[in-house]
Amino acid sequence: MKASLALACTAHVSAVLLLLALSTSREVDAQATTCPAGCICSATVVNCNPSAVGGRAWLYNRTLPSPVGSQVLQLILTGNDITRLPAEQLRNATSLTRLDANRNRIKFLDVDSFRHQTALELLDLSDNNLRTLPLGVFANMTSLRTLLLDNNWLTSLPVSPIDPTDHVFSGLTLARMTLKVNYLHCDCELAWLPNFITANTQVIEELDMVACAGPPAAQGVLLTGVERATPPVPFLCSRPNVTSGPVASVVNTTSTVSLTCEVSGSPNPEFGWYKDDAMVAIDYYRLDVARDGSLVIKDARVSDRGDYYCNVTSLEGSAASQAASLKVDTITCFNAAIDGNETDVDCGGHQCNPCVLKKSCLLDRDCVGDAVCLGSHTLTSTLLYMSPANDSYLTCAPTAEPGSSLLARIRASLRGRVNPLAAVNGTEDLATLTQELHGEIVTQL
């Protein structure tokens, strides 16, 4: 009896284990065969290039939609709107041999972005917005043979402050590499690069386009010829300094505002922006830092109000600007009141729709269509309508005829009635003149 019970229990446990194994296998297979929405996939290739899937970028969330399966050998992300390549999205892609992430908007890489890609042979990061590369980002990529970094914003390539031979490309055995069309700042942080280029002249393509972009004394000097430059490139560093910070601004909601921060120093410092003493959370879309360090705020919101300042840091030190206030006014075109810069209820001004006839105005542009603002400073409305008998001062009214024709008639009348010198000298009474001309001009029209 006990033997039978033990046998039954063993059989039951075996069945449960088999079911778990099958379930796990199905989950792995499902994960391996799932094709991300908007891509086309084969057994080993995931192609998310918009030209292959309908002609428009689909990665609107600006990152990968889901982890890539372990069976994938090629991942093609060319021509999307990606800003990051987080390691967690590539953690399962351990068999990946080719990753095309060119023509995106990647600005920064995490130091562990590729820690699982030990089999990767080709990495294309060209035509992005990369500004620097974290030290150690390629540390695990022992199989990498092709690295494409051209047409980025690279200003610095990090090196260990302790060991000058430990730089961002240390440990790589490359057969092909591109670095052209970047913004390399030839300061103390790049002192190692000329020797690296000399040792890899057969690997790095188009060396005649790999040059210093700064400092000014080194601008345009090829990295293959720094030792022959006159004057020689010193590869020196200096403390950062904020030469011009943000200024107080007032904007309306939904508008775009740019807060500037001009700096000097080598190497080019990293920019950090603070609002009310808290670091601004950059999302690289609505809130972004431009290449020159300016903070760009798109689709401004009331919550963006505050005091902003920039803080810049490098290995040589740090510096901060003075704070400047940003005020964000709400657009008030739909609240049944005259507020903001409106000239009448929900109309006029430079934000709301133009006003219809008989609404208050200040300028002709406050009025709809070809209507003019009676009594405004324009010559047309002043000479045609301004008189003591006119009770429609500063309201929208229709024009009697096109302005150019009307002005011609007014000038003709003025030439017959007004001494030009007297008008220039201010001795002619404009109110009297317009009163006299008003009846005649209106009659003529």
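Cys41 has Val46 in E2 as its bridge partner. Strand E2 (residues 45–47) runs antiparallel to E1, and two bridges join them; strands count as paired if DSSP finds at least two bridges between them. Helices (H or I, at least four residues) and strands (E, at least two) are DSSP runs, numbered from the N terminus. The model is predicted, with pLDDT of at least 70 needed for local features and 80 or more for side-chain atom pairs, while totals for chains, interfaces and linings use all residues. Residues are numbered from 1 along each chain as its sequence is written, and side-chain values use heavy atoms, with hydrogens and water left out.

E1 and E2 belong to an open sheet of eight strands, in the order E1-E2-E3-E4-E5-E6-E7-E8, with mixed pairing. Its edge strands, E1 (40–41) and E8 (204–205), each pair on one side only.

The whole structure contains five aromatic pairs, where rings of Phe, Tyr and Trp (its six-membered ring) pair if their centres lie within 6.5 Å, and planes under 30 degrees apart count as stacked, over 60 as edge-to-face and the rest as tilted. One of them is the stacked pair of Phe138 and Phe169, 6.3 Å centre to centre with 20° between the planes. This pair links distant parts of the chain, 31 residues apart: Phe138 is in the loop between E5 (122–124) and E6 (146–148), and Phe169 in the loop between E6 and E7 (176–178). Phe138 is buried, at a relative accessible area of 2%, where buried means under 20%, exposed over 50% and partly exposed in between (1.4 Å probe, protein chains only). Phe169 is also buried, at 2%. Ring pairs link Phe138, Phe169, Trp192 and Phe196 into a cluster.
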